[in-house]
Amino acid sequence: MAMDEFSVIMEARKIVRAVNPTAIPAPVEAYVERVGAILKIDMSLADNEPGWSFDHKGKKYICVNGKDSPERQRFTICHELAHIVLGLPSEHQEVPSSSYVKRAQAEIYCDIFAAELLLPFGLFRPLADKAEISLVSIDALANRFNVSFMAAGSRFAAVLKAPCAFVFSEKGKVRYGVRSTALRDAGAWIAPRIEIPQGSLSAKLRGGVACDGPEEIEADEWFQHWERGGTLLEEARHLDRFDQTLTLLWFEDEVPPPKRGTGRDTEIEEDEDVLLKELDGVLPWPGKKRRR
Amino acid sequence: MALTGLGFLLQHLREERRDSLRDVAKLADIDHAYYYRLETGGKESPSDDVLAKIIKALKAGEREAEMLRYLAKHPETDTALVEYALKDKTVTSEEFSSAAGAVFRGNIRPDYPKLIERVRRMLSMEE
């Protein structure tokens with residue numbers, strides 16, 4: 001079976017089901033045990049080397065940078081578990097870290113897998129749905145689940161029932177945006193590599209303007225080819241040191257604005273002839289020319 | 001230049017013996033065109049039987065035979081790692097396959113001497 005995001009999530013949920021975590025934060029050691037891997041803390045790795053894994057005589061070893069924060073170590077362990085479970089290789093050669101370089105699909109799948117383990121749907125979603133949509137809520141969830149703000153923010157937007165998106169930008173350009181199902185279904189698309197919209201709160205923060213709390217912004221400033229209109233609420237945080245911007249976008253209403261009828265759609269709706277006939281209980285088949 | 005790790009190692013072992021492609025193919029009782037494709041990367045995963053015949057024909061040592069078996073099943077292995085393992089005879093076939101199959105989080109990759117050293121260090125930490 002070809003691998004896709006759905007199958008990756010299903011594989012991760014199999015492990016979550018088997019371990020059946022009931023307490024928060026999720027028990028990473030139990031996941032490691034479930035997969036049959038051996039965990040090693042490596043203090044000799046450089047700051048930009050979170051971890052790696054290898055197989056020796058059939059045993060799986062996961063090595064994690066002991067100098068990283070506990071949150072990062074937990075994510076790395078689950079990312080490496082994904083490589084083992086999904087059988088995904090990584091690039092042999094060093095990968096450029098420029099914002100413009102697209103990440104390898106295997107690495108994206110491993111991150112999705114790790115998020116499923118660390119922020120189990122059954123434990124995370126009820127808390128996310130109950131929480132107010134805000135960066136403070138994401139902070140609280142990140143602390144509770146012992147994950148990074150970025151991981152919690154991405155997951156928050158992904159599982160929320162409300163129309164919401166979490167956007168990660170670097171050096172003024174969008175790297176990726178995670179959208180809730182409601183936004184995805186509505187066709188709200190945040191294109192990677194576009195500039196942060198000029199009029200946005202995120203752009204203001206990056207420009208050094210102090211902002212206090214969420215601000216309103218026209219939805220089409222963030223969403224590409226968006227014809228539904230509507231006003232988004234935007235909250236953002238800018239990390240000067242890394243020139244990274246984290247943005248939370250949401251509609252205040254539970255659903256995105258309805259699709260605006262185009263001229264042609266309206267014409268069709270008004271033309272009764274093209275609508276289906278009202279059901280009258282009489283089957284339209286077989287016709288008179290029924291073959292005997 | 002061979003395109004696969006398997007081809008690279010086959011060519012190295014054959015040239016070490018100063019055999020021609022036809023010599024090896026004849027000794028292994030296989031089609032020389034097929035053997036040529038294995039060396040040049042046109043074919044990359046011979047069956048266990050064919051590989052066993054080639055290993056016998058090349059009189060490969062146990063370490064190289066294990067490496068060939070691994071490479072036949074992992075055609076994506078970097079030829080540079082095969083080249084390194086051939087130069088450093090202290091690298092065991094198990095260490096070679098551990099390094100070949102290593103995966104990393106992040107963008108940084110250690111060079112092969114450092115990777116082998118890390119595999120050894122992690123294994124020495126066992127127990």
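Tutor: In this predicted model, helix α2 (residues 21-28) of chain B packs against helix α4 (residues 48-58) of chain B at an angle of about 120°, and their axes lie 8 Å apart. On the side of α2(B), the contact is formed by Val24(B), Leu27(B) and Ala28(B), while α4(B) contributes Lys53(B), Ile54(B), Ala57(B) and Leu58(B). Sorted by class, this contact of α2(B) with α4(B) comprises 6 nonpolar residues, no polar residues and 1 charged residue.

Helix α4(B) also packs with helix α1 (residues 5-16) of chain B, here at an angle of about 30° and with the axes 10 Å apart. Angles under 35 degrees count as roughly parallel, and α1(B) and α4(B) are therefore described in that way. The crossing of α1(B) and α4(B) is left-handed. From α1(B), the residues in contact are Leu6(B), Leu10(B), Leu13(B) and Arg14(B); from α4(B), they are Leu51(B), Ile54(B) and Leu58(B). By class, the contact of α1(B) with α4(B) holds 6 nonpolar residues, no polar ones and 1 charged one.

Taking the two contacts together, Ile54(B) and Leu58(B) of α4(B) take part in the contact with α2(B) and also in the contact with α1(B).

Technical notes:
Residues numbered from 1 in each chain as written. Chains lettered and ligands numbered in written order. Predicted model: local features only at pLDDT ≥ 70, side-chain atom pairs only at ≥ 80, totals over all residues. Heavy atoms only, no water. Axes fitted to C-alpha atoms, helices over the stretch in contact; angles between N-to-C directions. Helix = DSSP H or I, 4+ residues; strand = E, 2+ residues; numbered from the N terminus. Contact = heavy atoms within 4.5 Å. Nonpolar A, V, L, I, M, F, W, Y, C, P; charged D, E, K, R; others polar. Parallel < 35°, antiparallel > 145°, perpendicular 65-115°, else oblique. Left-handed = near helix turned anticlockwise from the far one by under 90°.
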